[in-house]
Amino acid sequence: MHTSLTCAACHHPVSVHQLQNLCPQCQKPLLASYDLAALRDTFTPETVRQRTHRSMWKFWDVLPVEHIGQAVSLGEGQTPLLRCEPRGAFARFRRLFVKDESANPTGSFKARGMSAAVTRAVQLGVKAIALPSAGNAAGAATYYAAKAGLPCYLFMPQDTPPANIIESVVGGAHVHLVNGLISDCGKLVRRGCEEFGWFDLSTLKEPFRIEGKKTMGYELPFDLASERGDHALKLPDCIIYPAGGGTGLIGMWKAFHEMEQLGWIGPERPRMVLVQADTCAPIVRAFETGANHAPLFPNAATVASGLRVPAAIGDFMMLRVLRESGGTAVTVTDAELMQGVSELSRQQGIYACPEGGAVWKAAEKLVASGWLNPSDEIVMFNTGSGLKYNHLASVSDLPVLDHHDPECLQQARLA
Ligand SMILES: Cc1ncc(COP(=O)(O)O)c(C=O)c1O
Ligand SMILES: [Zn+2]
């Protein structure tokens, strides 16, 4: 592993051979980098294509391992890129895709980050991990910790979706519900780490979760090449992504930079679009005002629990990605994003999470404004499974048929 760690803000280098959280000098996130020049001959698109691993560890050369056998893996990544049916607002779009992250272990893209972070934590001798979570990260951490045999301490807002709480309890994590937001949970984790020696796996406060998530970016040009039926590695014109802490977005941007250094792609980049709920939109507001940092968003609330992040430590990195890429930032209401879930389900056959529904409706707005073009190649992310959010749907008014009643089928046909 030719890896080093450097601060994303002040570029201070730190050792990759010991546990690290934030930059010791400025308290900003640390990023891993690799000796990509040394990898150019051995780590090629052809090598990747020949590998038979059915996980994101196909890209192990740019992940924190010496060899693939070290990976704590449950088969994460290699998710399907689904071509959308030209329906509804997108009737004229022929190159519109959904990268469906619900196919991951524990049903969300969080699996990628946790696989990488737990892998590194195990190598560095961590005895217990702890993290705050909006829900999906908790589920993922639970199961990677279980696979690695590590205790896992979770702190989640008390109104976290029940599915996330249940899966974490079943998976043996120490689950703690908190009467506050994810930022309040983060403060408890920090204290617990100081007092009890847990390792803090908070997003971007640990340098390898982002490494796992960047594999979404590595997979995309391979997915698009197989869609086209050729071998040319090209990025799409536009990527639309739901952001809370922002690791997915920042991670993909990092992947594109690495792929260029490896000689796989040129300097062209997709326009990156960030989506948030209008009732918790710190990054969208900062983007609109031209700010480089986002102040805490007051009274943050949305049913898209993954987007309920009122303050993000990687705010400056997300804003940089949006601006460098010529992208934009969009809000949707909770009613709109739930409508998006329904449309993705009924028009595309994808039972999306509310965060995925938000992306769908944001894209529709960008079509209406003319920002997106029917000739564009667009990839939208559905970051998780709708099954985790069953509590948001009401089915209590469904009638129950009396199978003794000879008229019951007639009744069913008319309903
Ligand atoms: C389903 C889903 N989508 C999107 C997000 C936001 O991800 P990030 O915090 O990496 O921006 C989350 C985070 O919890 C999530 O669970
Ligand atoms: Zn620093």
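How many nonpolar, polar and charged residues make up the shell around ligand 1? In this predicted model, the shell comprises five nonpolar, 11 polar and two charged residues. Of the 18 residues around the ligand, those that come nearest are Gly244, Gly245, Gly306, Thr383 and Gly384. Two helices, α4 (136-148) and α9 (247-261), each supply at least two residues of this shell.

The crossing in which α3 passes α4 is right-handed. On the side of α3, the contact is made by Lys110, Ala111, Met114, Ser115, Val118 and Val122, and on the side of α4 by Asn136, Ala137, Ala140, Ala141, Tyr144, Ala145 and Ala148. Classified by residue type, this contact has 10 nonpolar, two polar and one charged residues.

An open sheet of four strands is arranged in the order β8-β7-β6-β9, and its pairing is parallel. Its edges are formed by β8 (174-178) and β9 (199-200), each of which pairs on one side only. Strand β7 (residues 152-157) runs parallel to β8 and is joined to it by five bridges, with phenylalanine 155 standing opposite histidine 176 in β8. Helix α6 (residues 182-196) packs on this sheet, where it touches β6 (129-132), β7, β8 and β9, and the direction of α6 makes about 160 degrees with that of β6.

Conventions. Residues are numbered from 1 along each chain as its sequence is written. Chains are lettered from A and ligands numbered from 1 in the order in which they are written. This is a predicted model: local features need pLDDT of at least 70, side-chain atom pairs count only at pLDDT 80 or more; totals for chains, interfaces and linings use all residues. A residue is near a molecule or strand if its C-beta atom, placed from the backbone, lies within 6 Å of it. Ala, Val, Leu, Ile, Met, Phe, Trp, Tyr, Cys and Pro count as nonpolar, Asp, Glu, Lys and Arg as charged, and the others, Gly among them, as polar. Two strands pair if DSSP finds at least two bridges between them. Two residues are in contact if their C-beta atoms, placed from the backbone, lie within 7 Å. Axes are lines fitted to C-alpha atoms, for helices over the stretch in contact, and angles run from 0 to 180 degrees between N-to-C directions. A crossing is left-handed if the near helix is turned anticlockwise from the far one by less than a right angle, and right-handed if clockwise.
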